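My entries follow in the order in which I made them.

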Amino acid sequence: MAFKLLIINPGSTSTKIGVYEDEKQIFEKTLRHSAEEIGQFETIYSQKDFRKEVILNVLRENNFDINTLDAVIGRGGLLKPIPSGTYEVNKALLEDLKIGVQGPHASNLGGILAQEIAEQADVRAFIVDPVVVDELSDVARLSGVPELRRISIFHALNQKAVAKRFAKESGKRYEDFNLVVTHMGGGVSVGAHKNGRVIDVNNTLDGDGPFSPERAGGVPAGELIKICFSGEYTKDEVYKKIVGKGGVVAYLGTNDLKSVIDKKNNGDEKCKLVYDAFIYQVAKEIGAMSTVLKGQVDAIILTGGIAYSPFVVDDLKKAIGWIAPVKVYPGEDELLALAQGGIRVLSGEEEAKEYK
């Protein structure tokens, strides 16, 4: 029996939707929302009716009957820290998405929209591996300052999806492997996957770890303190230096790594230095996570949009290939990853988890 699924992935100015029969995509659409449309709403939660109607209109235009659905799966938002898995949407989950228990974010609408459309279709609603997936070992939580606890916020959906894909292709279970998974996009997350759990990973949301096209990475703490108390910057301006305007864009004025590579290859020395530092920091973080796994690494996986670059992949392989075999899954197919999470529950492969 093929399961028919509606997938919903809200972004700040868009909502991506997809309809799947099992893992086969029937259609996909990115619904763009103008600044004027979004600007009329005071909160992210108040956008839900607007976004829901846009989704339903597109489904009607494509002659799709929601009553044929078996489930609706939404992108998970900034919930409380939870273990990896597929969660059935319940009252507690909806309330925490509504209030933004760890902050406001467009992805908080994913589970809310999924539930409202699922109710109309009389089917179940789920979320899968939100960014707040937290499986850190106790020792990984200590930072050196008791008030500053290390937390887990990263590209959990894609990291888990590609790790499970690698395991399936290898003819084994995800839980049978020790993997270092590196997602490279606007931010970079490097996770140590030990027997099915991400026991250590950098907090990508706040710019921890390697610097990236838009994030500063781990910066010198003393110098950061001086900037914070210099009187030259507001709190928001300092945060923007770390997240959004840090990393490659801070040095070169662009977050387009492809253009940086092109300029480097044409002799631009500054672009070469920044690019080399990016490779250096990502490789160093992969090495660090390999020590977390005590050197017992079955494979290193490279994923995310930047993994499409043969230059980045080749240069990283030169730096880390001695640690373990390197496998590349470029891109970030979030809709498919969400569909796969729903299928695992509907098929009985996994049980849906309860958010409390």
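I began with strand 2 (residues 14–21) and strand 3, which pair in the antiparallel sense over eight bridges. Two strands count as paired if DSSP finds at least two bridges between them. Helices (H or I, at least four residues) and strands (E, at least two) are DSSP runs, numbered from the N terminus. In strand 3, Glu28 is the bridge partner of Gly18.

I noted the basis of the entries: this is a predicted model, where local features need pLDDT of at least 70 and side-chain atom pairs count only at pLDDT 80 or more, while totals for chains, interfaces and linings use all residues. Residues are numbered from 1 along each chain as its sequence is written, and side-chain values use heavy atoms, with hydrogens and water left out.

I then traced the whole sheet: it is open, has seven strands in the order 3-2-1-4-6-5-12, and its pairing is mixed. Strand 3 (24–32) and strand 12 (353–354) are at the edges with a single partner strand each, so one side of each is left without a neighbour in the sheet. Helix 2 (residues 48–61) packs on this sheet and touches strand 1 (4–10), strand 2 and strand 3; contact means heavy atoms within 4.5 Å. The direction of helix 2 makes about 40 degrees with that of strand 2. Axes are lines fitted to C-alpha atoms, for helices over the stretch in contact, and angles run from 0 to 180 degrees between N-to-C directions.

Strand 7 (residues 178–184) and strand 8 (residues 188–194) run antiparallel and are joined by seven bridges. Ser189 in strand 8 is the bridge partner of His183.

Strand 8 and strand 9 run antiparallel, with four bridges between them. They form a hairpin with two residues between the strands, and Asn195 in the turn has a positive phi of about 50 degrees. Buried means under 20% relative accessible area, exposed over 50%, and partly exposed in between (1.4 Å probe, protein chains only).

**Helix 9 on helix 10**

I looked at helix 9 (residues 257–265) and helix 10 (residues 269–292), which pack at about 125 degrees with their axes 8 Å apart. That makes helix 9 oblique to helix 10; under 35 degrees is roughly parallel, over 145 roughly antiparallel, 65 to 115 roughly perpendicular, and the rest oblique.

**Asp298**

I placed Asp298 in the loop between helix 10 and strand 10. Asp298 is partly exposed, with a relative accessible area of 37%. Leaving aside neighbours within four places in sequence, its contacts include Asp176, Phe177 and Pro325.
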